[in-house]
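I opened the model today to look up its contacts, its rings and its backbone. My notes follow in the order I took them.

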Amino acid sequence: MFLRSVLLLLVFATTATVGFSQKKIEYKQPRILILLDGSSSMINDWTKDENRFKAAGDIVLHLMDSIYNVNNQVEFSLRVYGHQHTVKEDNCYDTRREVSFSKNNYTQMSLRLASLQPLGVSPIAYSLKEAAENDFVSENDYAYSLVLITDGGESCGGNICDVVKSLLEKKIQFKPYIVSLVDYAPLKDQYNCLGNYLTVSKPGEIASALHTITEAYRKVLAIPIAKPQLLKTTNIPAPSAQKIRVGPVKAVLPEQSTTVAKQPETTVLTKPVVTSKEPVKDAPKPQPEATKPVKESRIQVETAFPTKDKIATLNRIQPHEINFPRFWAIARLKQKPVPAFALPEQEEGVGSLSKPDAEPKPAPKPAVKKPVVIKPATIIKPPQKEATFTTQLEPSPETTLEVYFTNGKGKFYTTTPPMQLMDVKTGREVKKFYRTTDASGNPDPQNVLPGKYTMVIGKSGNYVASNVTVKAGNHNKVTVIVTKGSLHFYYRNNPKRPITEFVGVVKRNFEAAPTVVQKGTEELEYEPGNYHIEFNTLPVEKRNVDLDFGVMVAIDIAEPGYVQFTNTDPIGKLYLWYPLGDQFVRFYGMDLNGNSEAQKLRLQPGIYEAHWKKNPKLPLEPDQVQRFRVKSNETTEVELK
């Protein structure tokens with residue numbers, strides 16, 4: 001009897017083990033976002049041979065190497081803040097994703113880092129908010145973490161801890177790290193709520209910091225995080241009536257109800273993996289959190305938004321009085337970029353520090369600068385186009401969507417535009433994602449529930465593919481035919497005047513492509529992608545644009561002016577300096593020999609400094625410095641004294 005019991009127990013255990021092993025467990029793909037400080041303070045020296053921004057870039061690449069040694073399937077992305085607008089512009093919405101999540105993108109990351117230059121202020125809280133809403137978009141499929149590399153704190157009044165609590169806590173699966181390039185203890189308190197704080201103020205501390213991060217991530221990556229399993233609602237057939245005998249009385253059980261409660265609708269759908277044999281109950285509705293008072297700030301999160309007057313001011317294109325040649329700009333189609341969040345209707349007192357019963361005081365209206373008006377003829381907004389597409393089905397245990405872009409003539413594009421899937425029946429957004437590709441250019445599959453969708457393509461949404469059907473149990477490969485984009489140059493305040501003085505050198509980033517010299521009077525077509533443009537102005541102006549499908553991007557530069565040095569006595573070598581971030585750097589040298597014609601120079605409008613020595617034979621003597629301003633279409637006369 002004992003032996004029989006043991007045998008039965010072994011059979012049961014073996015059966016249970018086999019049944020468990022047959023159950024497929026899906027794991028989340030690990031992703032790490034690098035949030036990099038691109039503010040003007042990053043220009044400062046870290047060592048005598050490199051500045052902080054260059055050091056930060058080296059740390060990013062070393063970190064990627066270290067993580068790849070642990071798990072080469074980790075996907076990295078790069079978001080930078082404070083690098084598109086100057087300190088003078090004081091833009092507290094200056095953040096941008098520069099590299100999308102993908103595997104094996106070390107080369108792309110290094111090229112992008114080499115192209116960036118620090119310029120402005122530090123909207124860290126707003127950047128974290130943008131990361132939560134636009135980078136960490138599919139936490140059911142991916143395990144996210146974040147590494148912030150900076151040399152300072154928030155400079156726009158945002159509350160980092162509020163953002164973490166309201167947006168990031170539920171989206172990050174393993175501990176974030178903050179790498180500080182300066183040894184300044186008070187900074188640690190600002191970041192306690194975000195993650196682990198590490199100081200790397202000198203080269204000798206890099207290895208220790210990287211080891212700390214890598215070892216912490218090694219433990220996480222060794223035990224992958226399973227995807228949440230969602231219950232699938234099913235129609236359960238009603239059981240037939242059964243008779244049961246209770247004593248001498250016969251009774252018939254009533255027919256059971258077949259109504260199954262529906263799950264709450266959601267805008268982020270993932271593949272159901274469990275078939276339930278029981279009805280699914282409605283999930284309890286979460287209780288709304290009480291609105292907390294928010295400190296007065298130029299940038300608010302969640303509970304307090306910028307006023308409508310502030311948004312209206314930001315909607316206008318601001319004057320570019322000073323030219324900053326190393327300018328990382330988003331091409332302007334219609335107006336200056338505005339915060340990428342909706343402005344809700346605010347009730348009286350929301351976001352106020354006053355008591356609830358107190359009468360709310362009207363907020364003072366911000367000073368509105370006089371806008372620079374660009375005539376309608378220079379505004380290019382593409383009409384929405386109906387895209388032609390084909391769908392190829394490949395049987396698969398999973399239901400996925402892969403989107404290919406082609407010109408219809410055999411050329412396929414690796415561009416990574418944002419995508420939206422809208423339910424055809426309801427018109428509601430079902431999924432939002434970036435179409436990323438692997439190292440071979442093949443699109444990464446997206447988990448999508450079966451159905452019929454309207455697919456909106458690109459930032460401008462100018463391409464729409466209607467009635468895209470996603471069939472269950474297939475890799476749904478959708479190939480969309482698109483057209484090239486084009487570039488056009490114009491003068492900022494005088495768009496009708498042809499640019500005959502300058503040309504733009506256009507080079508595609510991250511892919512092998514010929515460099516094109518485009519005349520200022522030309523409009524040329526280019527394949528979709530990211531492009532770096534340099535104008536042969538003095539100083540050199542640089543732009544970086546993402547060229548979308550079927551879009552003409554108009555890039556503006558300022559009309560030049562002249563400086564005339566009127567000194568008749570020979571001064572010798574003169575160096576010109578221009579503002580970069582919050583300091584001046586040298587960009588041009590010339591000889592002042594007293595010849596008036598040779599002492600006239602064409603410059604872009606802005607503020608400059610002239611540096612020279614009264615006695616050139618004394619190289620250690622401090623420079624003489626004189627500041628002057630150049631205006632468009634005007635000659636500024638300067639006599640050095």
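I began with contacts in the protein chain (heavy atoms within 4.5 Å). Among those between residues at least 6 apart in sequence, 70% join residues at least 24 apart. This is a predicted model, where local features need pLDDT of at least 70, side-chain atom pairs count only at pLDDT 80 or more, and totals for chains, interfaces and linings use all residues. Residues are numbered from 1 along each chain as its sequence is written, and side-chain values use heavy atoms, with hydrogens and water left out.

Next, the overall make-up. I found eight helices and 34 strands in the protein chain. These are DSSP runs numbered from the N terminus: helices are H or I with at least four residues, strands E with at least two. Of the 641 residues in the chain, 44% are buried. Buried means under 20% relative accessible area, exposed over 50%, and partly exposed in between (1.4 Å probe, protein chains only).

**Helix packing**

I looked up α4 (residues 124-135) against α5 (residues 160-168): they pack at about 10 degrees, axes 9 Å apart. Axes are lines fitted to C-alpha atoms, for helices over the stretch in contact, and angles run from 0 to 180 degrees between N-to-C directions. α4 and α5 are therefore roughly parallel. The cut-offs: under 35 degrees is roughly parallel, over 145 roughly antiparallel, 65 to 115 roughly perpendicular, the rest oblique. From α4, the contact uses I124, A125, L128, K129, A132 and E133; from α5, I160, V163, L167 and L168. Eleven of the twelve α4 residues are buried, so the helix is largely enclosed by the rest of the structure.

**Rings**

A search of the whole structure gave me 18 aromatic pairs. Rings of Phe, Tyr and Trp (its six-membered ring) pair if their centres lie within 6.5 Å; planes under 30 degrees apart are stacked, over 60 edge-to-face, the rest tilted. I picked Y177 and Y217, an edge-to-face pair at 5.9 Å centre to centre and 80 degrees between the planes. Y177 is in strand β5 and Y217 in helix α7, so the pair ties together parts 40 residues apart in sequence. Y177 is buried at 4% relative accessibility, and Y217 is buried at 1%. I also noted one aromatic cluster, formed by F565, Y578, F587, Y588, Y608 and F628.

Which charged ends sit over rings? I noted R31 over Y142, 3.5 Å from the ring centre, and R97 over Y434, also 3.5 Å from the centre. The test needs NZ of Lys or CZ of Arg within 6 Å of the ring centre and within 35 degrees of the ring normal.

**T436**

T436 is in the loop between β16 (429-434) and β17 (446-447). At 5% relative accessibility, T436 counts as buried. Its side chain makes a polar contact of 2.6 Å with that of D444. That term means N or O atoms within 3.5 Å; within protein, one must be able to donate a hydrogen and the other to accept it, and residues adjacent in sequence count only if both atoms are side-chain atoms. Leaving aside neighbours within four places in sequence, T436 also contacts residues including S100, F101 and T416.

**Backbone**

Most residues other than glycine have a negative phi, and most peptide bonds are trans. I logged the L538 to P539 bond as cis, omega near -5 degrees. N467, not a glycine, has a positive phi of about 55 degrees. N467 lies in strand β19 and is partly exposed at 44%. N633 has a positive phi of about 60 degrees; N633 is in the loop between β33 and β34.
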